[in-house]
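Subject: Structure handover

Hello,

I am passing on the structure we talked about. Please have a look at it first; my notes on what was found follow below.

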Amino acid sequence: MPNVNPSIASQRANPAFHIGALVHGRTDVIHLEFGEPDFATPAHIVEAAQRSIRDERQGYGPGNGMLWLREAIAARVARVNRFSVKPDQIVVTAGGTGALMSSLLCLCEPGDDVLVPDPAWAGYDAMLANAGVRKVYYPLRPDNGWLPDLEALERVLTSRSRVLILNSPSNPGGGVFPRETIAQLMEFARKHDVWVLADECYDEFVYEGEHTSAALFDTDSRVLTVGTCSKAYAMTGWRVGWVAAPPALAPLLALATAAQVNNLPLFVQRAADAALRGPQDCVREMAAAYRSRRDLAMQLLRRHGIDEYEPHGAFYLLIRISQETTPCDSVAFAEALIRERAIAVSPGAAFGPGTAAYVRVSLASDPAALHAGIEGLLALSNGFVAS
Ligand code: PLP
């Protein structure tokens, strides 16, 4: 057999997916492992897709998405992200995932370095491998609500650093980067001439402070902003996202996207259009529910004397399962939690070395499940020793 691409072949399965596979489809398990909203996609969105399937020909379409959807996304970017883009600067992609992948393919050459937060969403790993680039972590600080440490970022920069990934509100920490932090990160990007890939997939979920888009500080066309319908409209399986890019990059992103999916199905684009142009109460209601679950989780933790930090955005909570002095294997812990208590969480090791002693709980879960899950995990973490 001829050789395969070594950067793909050498990938190790992320521990989060290993845990996901262990409990997939199990109804006897409390599921707190994935960022999957427990709400149904709102009815008016589903109906728009059904109408399209019934009434419209589902043919090929433009690789950057239908113009009417790009107009709706541009209006949404103006409303939520508060910067202005033309529809030509928008490329519609297969979820935020497709947006990030196309962006990395356009921005990087194999062998480049990409600056990735530690901890970060586990999904970046496979994208970086596919793009043939190296992951260089920069730390987010737990004692500072998982916000970036700018001095440490300067220290990890290399001569091959090409892209800085920013993710605010962040997964898994739930940090919402303050305006001045975003301004400083943009200054860093200008000083060292790196692209900024701003993953703003959770921009509708901010409970304290306000969402600040990196593009607000973009003075020289170096920011690509990634968004998605997945989280805000409970549309994870529909696969609609976008990149808002500097004008010169949009045609390149369209090519990279077309090479992967050609175009998104028309009925899916109709659904996204209905989501973005339709009533937004559903988004506000889901955000309010996640916030009250965050409060419930924090109350429980405080009752157990745990008050490390409070997530201000997104819908995740990191819980420390061991003190730094004790070596801890979060994967072994997550496996034991399934075995002994029928509770699934994501092991901190899935997100980077900085969360090796943590697990991540998804707050996009039913409150009763959240309550029982957190109680169960705290009970097991008291005295857990990995064998
Ligand atoms: N970015 C972050 C930080 C995420 O957590 C996720 C999904 O969990 C995504 C991007 C991708 O979302 P999707 O591809 O479903 O739009």
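**Backbone notes**

D193 sits in the loop that runs between α8 and β7 (195–199). The model is a predicted one. The phi angle of D193 is positive, near 50°, and D193 is not a glycine. With a relative accessible area of 56%, D193 is exposed, because the cut-off for that class is over 50%.

W146 also has a positive phi without being a glycine; its value is about 60°. The loop that holds W146 lies between β4 (134–141) and β5 (147–148). Is W146 buried or exposed? The relative accessible area of W146 is 0%, so W146 is buried.

P119 belongs to the loop between β3 (113–118) and α6 (124–131). P169 is in the loop between β6 (161–167) and α8 (179–192).

**The ligand**

- T97: an N or O atom of the side chain is 2.6 Å from an oxygen atom of the ligand.
- R239: the distance from a polar side-chain atom to an oxygen atom of the ligand is 2.7 Å.
- N171: an N or O atom of the side chain is 2.8 Å from a ligand oxygen.

On its own the ligand has 390 Å² of accessible area, and the protein covers 94% of that.

**Two strand residues**

S346 is part of strand β12 (residues 346–347). A polar atom in the side chain of S346 is 2.8 Å from the backbone oxygen of E33. S346 has a relative accessibility of 1% and therefore counts as buried, the limit being under 20%.

G241 is in strand β9 (residues 241–244). G241 is buried too, with a relative accessible area of 0%. From G241 to P347 the separation is 106 residues in sequence and 27 Å in space, taken from C-alpha to C-alpha.

Regards

Conventions: Residues numbered from 1 in each chain as written. Predicted model: local features only at pLDDT ≥ 70, side-chain atom pairs only at ≥ 80, totals over all residues. Heavy atoms only, no water. Polar contact = N/O pair within 3.5 Å; in protein donor to acceptor, adjacent residues only side chain to side chain. Areas by Shrake-Rupley, 256 points an atom, 1.4 Å probe, with all protein chains shown as cover. Helix = DSSP H or I, 4+ residues; strand = E, 2+ residues; numbered from the N terminus. Buried < 20%, exposed > 50% of the residue type's maximum accessible area, 1.4 Å probe, protein only.
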